[in-house]
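Open the model in your viewer and follow the selections below in order.

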Amino acid sequence: MSDLSVTDAQACILEHVKRLGVETVALHNSLNRVLAEDVSANRNHPPYDVSAMDGYALSFADIAAASTDSPVRLNVVDDIRAGQMPQVKIERAQAARIMTGAPTPVGIDTVIRVEDTMLNGDVVSILTPPKQGANIRPLGENLKTGYVVLKQSAMITPGVLAILAMVKKKEVPVFARPSVAILSTGDELEAIDDPVDENKIPNANSHALYAQCKSLGIEATLLDIAKDNQEDLRNKLTEGLKYDMLLASGGVSVGHHDFVRPTLEALGITMHFWCVAMRPGHPLAFGTSKNSNFESGTAVFGLPGNPVASMVCFEQFVAPALRHMTGHEKLYRRTIKARLAHDMKGSLRKTIFIRVTLQHDEQGYLATSTGAQGSGVLMSMALAEGLLVVPARQDGLKAGEFASVQLLQNMDFQNETGVEV
Ligand code: AMP
Ligand code: MG
């Protein structure tokens with residue numbers, strides 16, 4: 001099979017993963033989830049016209065001509081507090097003291113701020129009239145009974161959550177999140193709880209992948225490290241296939257001890273591709289269980305063993321798949337255009353992801369490489385604020401040229417992949 005482009009691989013993945021079902025969660029736990037139904041208002045808010053200010057409710061016609069030289073004086077005949085219904089109809093040449101949020105009385109059309117008045121006993125003087133109708137929030141300005149106030153697929157931000165609270169949604173229908181298993185493979189790997197052995201390689205990938213899932217709101221399960229033999233792999237991969245998604249790292253290449261792909265195939269996984277034209281990240285395998293009903297099947301990623309490659313592949317392929325499964329419409333990291341601080345190497349026919357830091361000046365963003373870019377140099381990823389994309393059609397970019405950078409430390413997403421191939 002020839003290498004797929006990054007964008008073709010992304011499209012192939014999205015064809016094979018589906019939104020999960022709906023579950024109900026408590027209001028506070030719905031933050032950052034995706035709303036699974038339209039939500040309509042069950043009330044008007046405000047429930048009646050209310051004052052937007054502490055001040056005086058009055059009839060504009062009475063005060064239209066007021067000025068500093070000839071102030072208008074009105075008798076204050078009522079004192080209306082928030083949560084209290086007005087008892088008195090306000091007649092001409094009268095006013096009611098009114099608090100913010102209190103219902104406006106009959107007979108008035110304007111509220112003047114207390115700061116723009118002078119009170120003497122029960123008489124208020126108006127020196128500068130506000131506009132007619134000022135400082136009144138109309139009934140239903142926020143919510144109108146029966147109207148859809150939130151659409152299905154809305155991401156639940158704090159502002160959205162506040163609306164849900166206003167319409168009394170103590171329980172919120174959201175798209176379910178997939179269960180995810182993480183399996184690192186390799187005889188050389190040392191688990192975090194093992195004593196340090198200078199001859200081994202500490203397992204970074206399981207923890208990096210766990211953190212990447214967690215940053216998307218998904219609590220993944222770490223399986224025990226699998227050895228590079230078919231029996232151990234078969235057992236551990238079988239365990240992983242009980243989950244909605246399995247992330248295996250390492251052993252997916254063409255080396256003599258790379259058994260992940262054939263073992264997955266033997267376990268009934270259909271492999272859709274196993275090589276993508278990118279660096280870091282080639283090889284990268286993707287498959288799904290043959291089960292036609294995906295909801296009880298598994299999406300499997302065979303990620304490269306090199307830690308940077310594994311993390312970059314998660315960003316390009318796993319994260320969009322997880323976001324799609326959890327109901328998000330914006331699947332890809334927000335990209336910005338940045339100027340290169342120095343030349344950056346590419347590779348014809350491969351999309352190259354360079355780990356960069358970003359500075360911002362009058363001319364926009366400036367991108368600087370985080371240093372050695374080998375796919376095992378994890379420090380390049382630890383320092384990175386973004387992934388700069390050198391398109392496959394170019395073998396490099398020069399200092400001063402512009403390129404797209406995926407922002408890694410910001411949880412803002414977009415519809416477009418942001419990768420030029
Ligand atoms: P592989 O893809 O299995 O050939 O592994 C490629 C490189 O990545 C090797 O140097 C491995 O030691 C390293 N590697 C594989 N898995 C991990 C892991 N979980 N954590 C850190 N390094 C790993
Ligand atoms: Mg290996």
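**Starting point: a strand**

Select Phe273, which is found in strand 18 (residues 269-273); strands are DSSP runs of E, at least two residues, numbered from the N terminus. This is a predicted model, in which local features need pLDDT of at least 70, side-chain atom pairs count only at pLDDT 80 or more, and totals for chains, interfaces and linings use all residues. Residues are numbered from 1 along each chain as its sequence is written, chains are lettered from A and ligands numbered from 1 in the order in which they are written, and side-chain values use heavy atoms, with hydrogens and water left out.

Is Phe273 buried or exposed? Phe273 counts as buried because its relative accessibility is 0% (buried is under 20% relative accessible area, exposed over 50%, with a 1.4 Å probe and protein chains only).

**Next: ligand 1**

Select ligand 1 and the 14 residues that surround it (a heavy atom within 4 Å). The closest are Glu188, Asn203, Ala204, Gly251 and Gly305.

Then display these atom pairs (polar contacts: N or O atoms within 3.5 Å):

- Asn203: a side-chain N or O atom is 2.9 Å from a nitrogen atom of ligand 1.
- Asn205: a polar backbone atom is 3.3 Å from a nitrogen atom of ligand 1.
- Gly305: a backbone N or O atom is 3.1 Å from an oxygen atom of ligand 1.

Taken alone, ligand 1 exposes 480 Å², and the protein buries 76% of that (Shrake-Rupley method, 1.4 Å probe).

Conventions: Polar contact = N/O pair within 3.5 Å; in protein donor to acceptor, adjacent residues only side chain to side chain. Helix = DSSP H or I, 4+ residues; strand = E, 2+ residues; numbered from the N terminus.
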